[in-house]
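Me: I would like a close look at a single part of this model, taken slowly and with the terms spelled out.

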Amino acid sequence: MVDHIDDVEWSALFHAEGLADDTPRHLTALLGDDAWAFVDWYSHLWSTTLRREGRAWPVTAPTALIVVELLDDPLLAPKDPSLADAMLVYVYAVGVAADLGDRAPDIRALVEKRTPELRSWTDAYLAADTDVRVRMWQDGTGLGALVLDQAALACFDLVPTLLQRTVPYLASQRARRRTCAAAAVGSLARHPSALAQRPVLLEQLMAVADAAQSAHDLATILIAIGHLGGDTRPWLTDPNAGVRGCAALAPDLAGDDTAERVLLELARSPREFGESFGDMAPPLQFQFKPYQDLLASGFRPVGSPGRSTPGAQC
C-alpha cells in the first residue's frame with residue numbers, strides 16, 4: 001500500500017512549512033514501530049498538511065488519498081486502534097476543506113485558464129527562501145490565493161474516492177470508529193456527486209446513531225445527519241444538553257420552534273453544553289469553524305446577529 005506514495009510528485013507540492021518532499025517519510029512512518037516517528041507524523045499531518053483554518057494546501061489532497069488507503073493496511077498500528085480513528089477525523093477535515101458549494105465550477109474555469117501561471121508561481125515559491133515566500137503571498141497577482149483554491153478543488157475532486165473508502169467504517173465493530181466515520185461521511189457526502197446516495201447514507205447514519213454508546217458519539221453523529229438534511233427532531237428532547245444542542249443545529253431545523261427553544265436554553269447557560277460531555281471534548285466537528293463561532297456566540301438562534309450556519313465555509 002505504501003508503494004502508492006511513490007506515484008505522487010511530492011517535490012512539486014508544498015505545505016505550511018514549504019516543500020512537501022518530507023511528507024512521504026512521515027506517511028511511511030505510520031507503518032513502522034518508531035514511536036518518535038509516529039509523534040512527528042501526527043504533528044505533521046495536522047499542523048503541516050492542513051492550513052490552520054482547516055483549509056487545503058497543495059499537499060492536502062494527495063496526503064488524504066494515501067491516508068484513506070492506509071486505513072486498510074494491516075501494518076497500520078495494530079496495537080493502537082485509535083490511530084485509524086484519528087485518520088478518519090483527518091478525512092473529515094479534508095471534506096470540510098473540499099466543501100466548495102457552488103463555487104467549484106467558477107474555480108475550475110479560472111484554474112484551467114491560468115494553469116501555466118499557477119505552475120510558474122508554484123515553481124518560484126518552491127525555489128524561494130522564507131522571506132521571498134512571505135512576500136509572494138502579497139505580490140498583487142492573486143496567484144497565491146488561486147493556488148490555494150486549486151488545492152481545495154483537488155480535494156473536491158477527490159471526495160468521491162474518499163467517500164467510497166470511508167463508508168464501510170460505518171459498520172465497524174468499534175463504536176468510536178463508527179463515530180469518526182460518521183463525521184467524515186457527514187462532510188464528504190455534501191459533495192454534489194453524492195446527492196443520489198444521501199438517502200441510503202442517512203439510513204446508515206441513523207443506525208449508527210441508534211447504536212451510539214455515549215453522548216459525545218451521538219452528538220457527533222447527529223451533526224453529520226444534520227449536514228445531509230436528515231431529521232434530527234427526535235433528539236431535541238434528549239436528556240443530554242449536548243445532544244439536544246447538536247440536534248438543534250441541523251440546517252433544516254432553522255425556524256423550528258422546538259429547535260429554537262433548545263438553542264435559547266443553551267444560550268442562557270452555554271457551560272451546560274460543554275459539561276454535558278463529561279471528561280470528553282465536544283463533538284469532533286467543533287474543532288473547526290463554524291462550530292467554534294457557534295460556541296463563542298452562545299448558540300444564538302437562527303436569524304440573530306452572529307449566528308453561523310453548520311456546513312458553511314470556514
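Which helices each supply at least two residues of the lining of the largest pocket?

Reply: This is a predicted model, in which local features need pLDDT of at least 70 and side-chain atom pairs count only at pLDDT 80 or more, while totals for chains, interfaces and linings use all residues. Numbering runs from 1 along each chain as its sequence is written, and side-chain values use heavy atoms, without hydrogens and water.

Helix H6 (115-127) and helix H8 (143-166) each supply at least two lining residues, helices being DSSP runs of H or I with at least four residues, numbered from the N terminus. The largest pocket holds about 290 Å³ of space; a pocket here is an open set of points on a 1 Å grid over the protein atoms alone, where a 1.4 Å probe fits, with protein on both sides within 12 Å along at least five of seven lines, and lining residues have an atom within 4 Å of a point. The volume is the space filled by probe spheres set on points joined across faces, edges and corners. Of its 13 lining residues, Ala 12, Leu 13, Pro 58, Arg 119 and Gln 150 are the closest to the centre.

By class, the lining has eight nonpolar, three polar and two charged residues, where Ala, Val, Leu, Ile, Met, Phe, Trp, Tyr, Cys and Pro count as nonpolar, Asp, Glu, Lys and Arg as charged, and the others, Gly among them, as polar.
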